Amino acid sequence: MKLPRNFFKPLAVGAPTPLRELPVKLERMIHFVPPHIEKLRAKVPELIAEVDVVLGNLEDAIPADAKQAARAGFITMAKANDFGATGLWTRINALNSPWMLDDVIEVVGAVGEKLDVVMLPKVEGAWDIHYLDQLLAQLEAKHALKKPILIHAILETAEGVDNVANIAIASPRMHGISLGPADLAASRAMKTTRVGGGHPQYKVLADPNPDGKPRTEFQQDLWHYTLAKMVDACAAAGIKPFYGPFGDFSDEQACEAQFRNAFIMGCAGAWTLHPSQRVFSPDPAEVAFAKKIIDAMPTGSGAVMIDGKMQDDATWKQAKVLLDLAHLVASKDPDIAARYRL
């Protein structure tokens, strides 16, 4: 076990000091780009203004014979663009793959100063984070980087879910954790081919009707338990939880419902292949009511009645979470800022 006084020490001589607090950034949408496709790389300049994070994907969905082209394409993409307040991330290949080591060495060596986060797939325990943590520190020192690169873990195995609390606190580099429902379903031997969302056969029934009419059925969320466990682990560690992908691009309503549920539960964002998904922004009516609470209780102490509802220090804390996020969203999105009237 690493002693507390050593937790925030650099893991290599010359590496930057690890952060004690995550940077305050809007990360509602992690937009995946397959960097081996030149036509899609060309769209990155316009994407930068539309999304919160641009992620160059080097792992799943990249064919084995295109892995090196994807890596080179990401480096080209990173060098060619000024990302400003928009995050630049990459998802590297898994630790047991033949491409992972070159992914990290080449990307950090070429564009380490621009890179904000490395997303690590199939994390099973703190040991996976420890390995990447040390490797990044060595590369940061070698290339004289001034800021540490953060790590984002993907929760997509049963072992990872079992160890999620330890993963969340494995390193001061930890940025957050994303739920990866497709690989997790396979790891658990779940009987579904869906990527995220509910399942029509995973349901509860209402009580029998006295008149013998068919009973009402309620479809359930396969991922509620796992998501809640992940959110708790992230909140306790002071890092960010994210929902992963929603696989049915044709069902916008279901995607929006799933992402909104994740947002309400505490997630900071989700993965997207389309930049119009903005459900990780507070509802204007909720923001207006939160502002009423903060205005009525500037210090957060005492209790007041607002619109017939009692508000106290606990609801003040809830209101502050909403209002702080609203200000962050408003700074990025002028259209939403006008609706918030902040």
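Author: Let's go with Arg341, which counts as exposed because its relative accessibility is 74%, and the cut-off for exposed is over 50%. Keep in mind that this is a predicted model. Arg341 sits in the segment after helix 13, and that helix covers 334-340. The backbone is what makes this spot worth a look: Arg341 isn't a glycine, yet its phi is positive, at about 55°. As background, most residues other than glycine have a negative phi.

You'll find Lys122 in the loop that runs between strand 4 (117-120) and helix 5 (126-142). With a relative accessibility of 26%, Lys122 counts as partly exposed, whereas Arg341 counts as exposed at 74%.

Now for an arginine with another setting. Arg173 counts as buried, because its relative accessibility is 6% and buried means under 20%. Its place is the loop between helix 7 (164-168) and strand 6 (174-179). From Arg173 to His152, 21 residues away along the chain, the C-alpha distance is 8.4 Å.

Arg173 also takes us to a cavity. The model has one cavity of 30 Å³ or more, and the largest cavity has a volume of about 90 Å³. Fourteen residues line it, and Arg173 is among those closest to its centre, along with Lys9, Leu11, Pro18 and Asp133. Sorted by class, that lining has nine nonpolar residues, five charged ones and no polar ones.

Back out to the surface, then. Gln201, in strand 7 (residues 199-205), counts as exposed at 67% relative accessibility. Gln201 and Met174 are 27 residues apart along the chain, and their C-alpha atoms are separated by 36 Å.

One more surface stop: Ile105, in helix 4 (residues 100-111), is partly exposed, with a relative accessible area of 34%. Together with Leu101 and Tyr131, Ile105 forms a nonpolar patch on the surface, and the three have about 250 Å² of accessible area together.

How values were computed. Residues numbered from 1 in each chain as written. Predicted model: local features only at pLDDT ≥ 70, side-chain atom pairs only at ≥ 80, totals over all residues. Heavy atoms only, no water. Patch = residues over 30% accessible without salt bridge, like charges linked within 9 Å, V, L, I, M, F, W, Y side chains within 5 Å. Areas by Shrake-Rupley, 256 points an atom, 1.4 Å probe, with all protein chains shown as cover. Salt bridge = Lys/Arg side-chain N within 4 Å of Asp/Glu carboxyl O. Helix = DSSP H or I, 4+ residues; strand = E, 2+ residues; numbered from the N terminus. Buried < 20%, exposed > 50% of the residue type's maximum accessible area, 1.4 Å probe, protein only. 1 Å grid on protein atoms, 1.4 Å probe; cavity = no way out; pocket = protein on both sides within 12 Å on 5 of 7 lines; lining within 4 Å. Points joined across faces, edges and corners; volume = space filled by probe spheres on them. Nonpolar A, V, L, I, M, F, W, Y, C, P; charged D, E, K, R; others polar.
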